[in-house]
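Try each task before you read its solution.

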Amino acid sequence: AGPSAVDMIANAALMLGLGAAFRDQMDELIPALPFQLAEYNFYRAAQHGLNAKLVWPFRGQTGLGEYPVKDLILQFLPDARAGLQQLGISATEIQRYLDVIEQRVTSGRNGADWQLQQLAALERDHPREQALATMLNQYVQHCFDNTPVAQWPLSGNTAA
């Protein structure tokens with residue numbers, strides 16, 4: 001999920017690029033990760049976001065390994081780039097959206113992380129109810145500004 005439109009488009013670009021890059025290998029890749037482990041990964045990602053560790057197969061590997069999701073994403077960005085090129089997406093668009101993904105991964109910030117960190121900063125100077133309202137207003141404004149979440153500032157700005 002987003003939180004901003006540019007983040008959502010970047011997510012879609014990553015998934016489409018990876019799908020295109022790996023489409024000829026799907027018959028090999030899908031059996032390498034049984035459904036139970038895919039489900040396990042889903043819940044680890046939901047619980048831990050960019051700090052999750054996922055079970056993942058690699059070509060030529062005899063078993064599965066557990067890897068930080070950040071490492072997996074960064075490792076697969078070149079594949080996503082190649083897949084988007086195969087789909088005829090312009091280099092400018094590919095760069096724009098995959099940069100959003102890379103910034104999010106390297107900053108370690110997604111929408112949920114920003115909310116928690118911003119709320120904590122605001123609560124240092126304001127009552128919880130006021131801090132929650134301010135955080136939500138800032139969140140909505142950043143979404144409307146269409147700024148990638150990795151670029152959203154964290155601060156104890158004056159509450160509304």
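**Exercise 1.** Decide whether D7 is buried or exposed, and find the side chain with which its own side chain makes a polar contact.

*Solution.* Step 1: D7 has a relative accessible area of 1%, so D7 is buried (buried means under 20%, exposed over 50%, partly exposed in between, with a 1.4 Å probe and protein chains only). This is a predicted model, where local features need pLDDT of at least 70, side-chain atom pairs count only at pLDDT 80 or more, and totals for chains, interfaces and linings use all residues. Residues are numbered from 1 along each chain as its sequence is written, and side-chain values use heavy atoms, leaving out hydrogens and water.
Step 1: The partner is the side chain of S4, at 2.7 Å (a polar contact is a pair of N or O atoms within 3.5 Å; within protein, one must be able to donate a hydrogen and the other to accept it, and residues adjacent in sequence count only if both atoms are side-chain atoms).

**Exercise 2.** Classify the ring pair of Y139 and W152, then work out whether W152 is buried or exposed.

*Solution.* Step 1: The ring centres of Y139 and W152 are 5.2 Å apart and the planes stand at 90°, so the pair is edge-to-face (rings of Phe, Tyr and Trp, the last by its six-membered ring, pair if their centres lie within 6.5 Å; planes under 30 degrees apart are stacked, over 60 edge-to-face, the rest tilted).
Step 1: W152 is buried at 1% relative accessibility, and Y139 is buried too, at 18%.

**Exercise 3.** Name the aromatic cluster that contains W56.

*Solution.* F22, W56 and F76 make up one cluster. Within it, W56 is partly exposed at 28%, while F76 is buried at 12%.
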